[in-house]
Every structure is written in C-alpha cells, then in structure tokens.
Amino acid sequence: MPESQQESSIAHFDVEHIGGIDETSVDIPPGVTVLTGKNATNRTSFLQSIMAAMGSKQATLKGDAEEGRVALSYRGEEYERTLTRAGNTVQFSGDGYLDDPDVADLFAFLLETNEARRSVARGDDLREIIMRPVDIDAIRSEVERLESEKGEINDELATIESRQRDLPDLEQRRNDIREQIEDKREELAEREEEIDDSSRDIEESRQEQDVLEEKLDELRSTRSDLESVRRDIETQEDSISSLKRELADLEDELDELPETPMGDKQHLEDEIARLREQRQTLNSEISDLQSLIQYNEERLEEEDYDVIQSLEDASDAEDGAVTEQLLGDDDEESVVCWTCGSTVDREQIEDTVDRLQDLRQEKVEDLNEIKSDLDDLKADQREAEKKQRRRENVERKIQETETEIERRDEQVSSLKDRREELTDEVEALENEVDNLESEDFDEILSLHREANQLEFEIDSLESDLDDVSEEIEEIEAMVERADDLREERDELVDQLTDKRTKIDQIEANAVEQFNEHMDAILGILEYQNLERIWIERVEQTVREGRQKVDRTVFELHIVRTTENGAAYEDTIEHLSESEREVTGLIFALAGYLVHDLHESVPFMLLDSLEAIDSARIAELVDYFADYAEHLVVALLPEDAQALDDDYSRITSI
C-alpha cells in the first residue's frame, strides 16, 4: 500500500469515560494491531470504544461518569458518539461509521460475550443467527411483485399467441375479399355497359327515366344504410353476449371471495402493534441484560474496585477494617461487591451472572416466538389485503361491465328503431319504383337494380376488407412486441430465481464457508484426535407460532479418531474450551464473509482468547488477518509474544 494511502487508512480514536478508560487517544493502522497488557488495563474497554465509534450500543459507561464519548477520524471523515447515563441505562447519540451496526455486532466484534461466537457452545440455532440480518419479508414481497409482473406478461403473450394463430385465416379472408371485390367490380362494369347500351335505345320518357333513376339511387343508398344498421346490431349483440359471459365469470369469482376478507381489521392491526411493542420491549430488555452481563463479567475479570473507592473516603478510623477488606483481602475466593460494597464469594456473583445469562436466553426465545407470531399475522394481513383488493377490483369490474351492457343495450334499442325506420323507407321506395316501372323500362330497371345491389355489395366488402386489414395490422404489431415481452419475462424469471434462491444461497454459502475454514484451521492448529468439525443442512419439522412447518436447520457434527485411527462422532460438550472457542470464532468468521462485512466494516475485533494456547492464538490471528482491513486483538503479554513482530503493538491505553 502506498505511504499516502497507508496514512489515510490509519484510524485515530479519542476516548473519554468508556468502560474503565478515563481519557486516551489511539491510532490504529491497517493490518493487525495487538493490544497487549495484563488484566484490568482497559484493553476490552478500548475494543468497546471502537464498537461505539462504529455505531454499536454494546459499550459501557465508566462507573463514576455521567457521560462519555468516542471520536473517530478515518479516511478524511469524522465520526462521534456520546454515551449518557439515564437511570439504569445508557443512551447513545451521534453518528457512527455504520448506519446499521447489528450485523457487525454479530460477526465482526468478537468479544467474549459475542452471540455468534458463543452460539456454538450454547447449542443455539446456528441457522437463525446466520439468517438474522436477512429481511425475509422484503424478499417475499419482492417475489410476489415479480410474480405479478410475470403473470401479466404471460397473459399478454398468451393473448398475442392466440391472436397470431388467427393470422393465416385472416390473411386468407383478406385475399378472398379482394378477389370478391374484383369480381364484383367486373360484374358492375358489365352492368353499367349494358345500362349505357339500353339507355341509348330509349329516347322517349326521358323525364320518367330520370325520376326512376333518382329513386333507384335513393333506394340503393337506403338499403346500404339498412344493411349497415343490421351489421351494427349484430356487432353490438355479440359484444353484449361477450360482456354477459364476462359478467357471469366475475360474479362467480365474487361468490368465491369472502365478503369481508379483512375480518376484524382493527383487531388484526392492534394485535400486530401489540406484538411489535412486545418485540421492542424484549429487544430493549435483552440489550440491557447483555450490557449488565458484560459489565459484571468485566468486573470479575479485572477485579476493579474503583467503583466503590468512595467508601474509603467516607469511612472513619473504625471503618478501616472494611477498607482493608475491600482492597487488601488475600482471599482469592472472595471479592467486594461493586453494587453494595460487601464482601461476597466470587462463586455467588458468577452464579448470579449465569442466572442473568439464562434469563437473557429465555427472553431471546420469547422474542423468537413473538417474531414468529408476528410473521404469521403479517402473512394473514397480506393475504387478507390481497383478497380485499381482488374483491374490490372484481366489484368494480362488475359495475363497469353492467354499465357497459346497459349502454350497449340502449344502443341496440336505438339501432333497432332505426332499422324499422329504414325498412319502412325501403318499402316505400320500392313501391314508388314499382309505380314508375313500365314495359319499356323493365330491362333497364332490372339492370339498375343489379347495379345498385353490386355497388352495395362492393361497399360492404370494402368495409369488411378495412376491418380485416386493421385486425391483421394490430396482430402484427402485437407479434413484434412479443419479442420484447419475452426478453422482459426472461429478466423477471432471472430475478425471481435469484430472489427465491437467495435464502437458500445464503444458507449454503454459510455452511460452505464454515466447513471450508474449519477444515483449514484444524489443519493448521493440529488438535489431537480432532478429525473434523462441520455443519450439515437438514430439513426438520418445527413449530413456528401456531403452525408446524418444514424448516432448514444447521446440525453441527464433530468427528474424532481413536488411537488406532477409528473415527467416531462426538458432541460439543466434549470439546475442550480451546476447541470450542476456535469453533465459535470460525462460525463468526463464516457470518462475516457471508454477509460481505469485509466490504463495509473495516474493523474486526478479537478478545478473551486466553483459553487458547499462545502458539495457536498466533496461527489464528494470522488466519483472520487475511479477511479484515483492521484486525484488533486484545492479548496478555505472554500470548502476544508468539505473534509476528511486524504486527503493530499497543501496550498502554
């Protein structure tokens, strides 16, 4: 890395009153940084400061402070978080580096109480922890939207394909109409020629002939209008029949839909709101418990009595013995309680911490059950809303269809009235023509009638030709659009495949990452007779809320070998503390890689590795160094000696 880029990647932290820190400033360069020192040297407190700067709420305020802060300067940007005491809780304000630190809390900030790290030893649902950051509801909503779009395209393509099958018949019909028009025109030309010949032979009764021809023209025009009206009536009646069929289908569909799909909508919304409030309350309680557990574990580790130092100042000479007990008791099995100031057995406090851990786990289980119930209610709500929208759509279409049928019925009634009027006019004109006919005009009248009929038929055929040509052009335009629709559908199918398989891909990737890195680290660390640790994805029937569903779970397998080389499967309880720690860290690393935290979270933190021997810690740090831009590790001096001398070291916080 160039020197200028190296300098811009150095993270500068200013910390006040976080954990056990009064005030400090620390620079963290890229690569591995080792925080080395004995217990109670604020190494964990500084790791909490990094987490707070990143946006996490997993940090504690110094016991005698009402407010703390951490400022981060990194890559030309400034970030600052403030911690303020509010009763028994700590409130956070300011802007951290991450908008959403929850995923980093799970898979990047691997302190002793990290949930992903501890999940293996506790036998937690590993699949739930890996999938927790995934918004499954959003994925399902997106799948429904894409499915709807694909369905609309499929319907349009089906219509196009159906219309396209009509093209050969339509083209044949158009050709037939053109031939009929040509034949009719030839026949009309012949009749007109005959009329001209007959007209030259008739010189008398010219006036009567003109009147007759005028009536014949009027008769032809009226017949044409009458035929047009008849065709309009047929068209409207066909449309009405089609609309009535559509109306019947809509009414059948409406009968199948529930009258009130949403049921008691307010009750459903109230129940969802209640569960959300419970979820929020449990999240807050779990967070408070986590902070309390972490604080007590740190105090047990560091044996920090600063919290009650004020007792000494308030004591008189007779209380000196109490002060000596607080600060100078040689009994390693007793400690001074940092809440009440009395001396208690260390085991008693550890038991209390264990009960707090159990209480937290119970609340996590309650939270998971509430989330499951909330998912069920949301699914019910989405389905009810979907049916409600469909019912409203069907009712609207029924109303529109009924209105259209009424409108067309009125048009048919009007057309029938017009047909009767035209029929009467035709009869009257025919009578007038009959009265004007004479033997001299019989032939020419007959020719005129034939000519009039031919002209009418030609007009009708040309109208049919226009209709057929227009329909063909419409279908051809639809066919041209079909290719674009297919491409659009293919894109939607690809998106659907990606969305539908996203959850499966994340699960498979998580298992692959864990198994791959677990095999690699076991090969490096060489634990005796520990052959393999791996995760298997299996389908199980589990209860979610009020239903039993098939769900993927992660089963952890441990394979050992005997002295003679025979393999057998072991359980997590039989792993050494060192082996369990390594397994938990590799599971967290798998989550870190699956959720691409190496692209968005510049810091990975490691703490409380004392259960692992120094040589293996060094190998583990080397392995993790490949995946994080800044790997910050808190170690005891004797463990830090085994690490590469090139790693940056900080010995004073």
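# Briefing on a predicted model

In the chain, confidence is lowest in helix α10 (residues 320-328), with a mean of 38, and highest in strand β13 (residues 603-606), at 97; these values are pLDDT, the predictor's confidence in each residue, from 0 to 100. This is a predicted model, in which local features need pLDDT of at least 70 and side-chain atom pairs count only at pLDDT 80 or more, while totals for chains, interfaces and linings use all residues. Residues are numbered from 1 along each chain as its sequence is written, and side-chain values use heavy atoms, with hydrogens and water left out. Helices (H or I, at least four residues) and strands (E, at least two) are DSSP runs, numbered from the N terminus.

**Confidence**

- The chain averages a pLDDT of 84, and 87% of the residues score at least 70.
- Over residues 1-5 the pLDDT is below 50, and this stretch has 3 contacts in the model beyond near neighbours in sequence, a contact being heavy atoms within 4.5 Å.
- Residues 304-332 also have a pLDDT below 50, with 27 contacts beyond near neighbours in sequence.
- Where pLDDT is low, the predicted coordinates should not be read in detail.

**Strand β1 and its partners**

- Strand β1 (residues 11-16) has a covered face made of Ala11, Phe13 and Val15, whereas His12, Asp14 and Glu16 make up its uncovered face.
- β1 pairs with strand β2 (residues 23-28) in the antiparallel sense over 6 bridges, where pairing requires that DSSP finds at least two bridges between the two strands; within this pair, Ala11 stands opposite Ile28 in β2.
- The two strands β1 and β2 form a hairpin with 6 residues between them, and His17 in the turn has a positive phi of about 60°.
- β1 also pairs with strand β4 (residues 67-74), in the antiparallel sense and over 5 bridges, and in β4 the bridge partner of Phe13 is Leu72.

**Salt bridges**

- The count comes to 44 salt bridges, each defined as a side-chain nitrogen of Lys or Arg within 4 Å of a carboxyl oxygen of Asp or Glu.
- Glu16 forms a salt bridge with Arg69, with the closest N and O atoms 3.4 Å apart, and this pair links distant parts of the chain, since Glu16 belongs to strand β1 and Arg69 to strand β4, 53 residues apart.
- Glu16 is partly exposed, with a relative accessible area of 26%, and Arg69 is partly exposed at 22%; buried means under 20% relative accessible area, exposed over 50%, and partly exposed in between (1.4 Å probe, protein chains only).
- Arg132 forms a salt bridge with Glu115, with the closest N and O atoms 2.9 Å apart; Arg132 lies in the loop between α5 (126-131) and α6 (136-201) and Glu115 in helix α4 (residues 115-122), so the pair ties together parts that are 17 residues apart in sequence.
- Arg132 is partly exposed, with a relative accessible area of 29%, whereas Glu115 is buried, at 14%.
- The side chains of Glu190 and Arg191 meet in a salt bridge of 4.0 Å, N to O; Glu190 is partly exposed at 44% relative accessible area, while Arg191 counts as buried at 15%.
- Salt bridges that share partners join Glu115, Glu128, Arg132 and Arg360 into one network.

**Helix α15**

- Helix α15 (residues 614-625) has 12 residues and reaches 16 Å from its first C-alpha to its last, close to the 16 Å expected at 1.5 Å a residue, the expected span being 1.5 Å times one less than the number of residues.
- The buried residues of α15 are Arg616, Ile617, Ala618, Leu620, Val621, Tyr623 and Phe624.
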